Amino acid sequence: MREDSTRGTVVFDIIGTCFSLKKVEAALAGAGAGPPALELWFSQTLRDAFALSLSGGYQPLKSVLQAELPRTLKQLGVQVPQNVAQIVSTFGELDAQPGFTELVGRLAGDGWKMLALTNSSADATRKLLERVGVADRFKALLSCDSIEKTKPHPDVYAMARREAEGETWMVAAHAWDIAGAARAGFRTAFIAKLESAYLDIYPKPDLVVQELSQVGDAIRQATRVAST
């Protein structure tokens, strides 16, 4: 038996955490929109998805992305292209972040249960995970579409809680997602590369690492220390 044999559940955010948005950035560049376009488009999409959810409405993430893109481009002074839907479709073609598949394999080998918890659709998430050969490692693909509320609503984390076993970790590159998971009682691992820093108005994460590839060692060390 391994000395660190006690295991639980690792819950992964997907878009931006496990999968890079570089292909989306390239598609925007092809439409004449520079690097700021991606950050503005995605952040405004999240804002308006959150607003819909908070006010009692709901639209799938893809619908919000498609509605948002023309406005974002106009704000940046970029002519809106005819292929808006094609640009949005690149979210289904994302590449895994460095070390993701290795991390999933290692966690599975160590006995961790893994869940995906996403504001995207379950089908889109399944296809991304299948593209990189790790879909079978995940015990459940949990989408906000099923309850028509977006993260960081507490009900979304409650979905994961019902599927989880033992100590549960949330892994995300978005501070707001880590904050939601922390308030839901999860242990949290924040990947700082995307946002650079964590906001001190949020509950402090249990772990902060720079890269997704560092998560496995960090969780292993944290659980070993906790068990001693």
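Student: Which residues line the largest cavity, and what makes a residue part of the lining?

Tutor: The lining is Asp13, Ile15, Phe42, Leu46, Leu61, Thr118, Asn119, Ser120, Lys151, His174 and Trp176. A lining residue has an atom within 4 Å of a cavity point, and a cavity is a set of points on a 1 Å grid over the protein atoms alone where a 1.4 Å probe fits but cannot get out. The model is predicted: local features need pLDDT of at least 70 and side-chain atom pairs 80 or more, while totals for chains, interfaces and linings use all residues. Numbering starts from 1 along each chain as its sequence is written, and side-chain values use heavy atoms, without hydrogens and water.

Student: What is the volume of the largest cavity?

Tutor: About 80 Å³. Volume here is the space filled by probe spheres set on the points, with points joined across faces, edges and corners.

Student: How does the lining of the second largest cavity divide?

Tutor: Into 4 nonpolar, 1 polar and 4 charged residues. Asp, Glu, Lys and Arg count as charged; Ala, Val, Leu, Ile, Met, Phe, Trp, Tyr, Cys and Pro as nonpolar; the others, Gly among them, as polar. The lining includes Arg7, Asp110 and Gly216.

Student: Why is threonine 125 called buried?

Tutor: Its relative accessible area is 2%. Buried means under 20% (exposed is over 50%, partly exposed in between; 1.4 Å probe, protein chains only). Therefore threonine 125 counts as buried.

Student: What does threonine 125 contact, leaving aside neighbours within four places in sequence?

Tutor: Ile14, Ala116, Thr118, Ser120 and Leu141. Contact means heavy atoms within 4.5 Å.

Notes:
1 Å grid on protein atoms, 1.4 Å probe; cavity = no way out; pocket = protein on both sides within 12 Å on 5 of 7 lines; lining within 4 Å.
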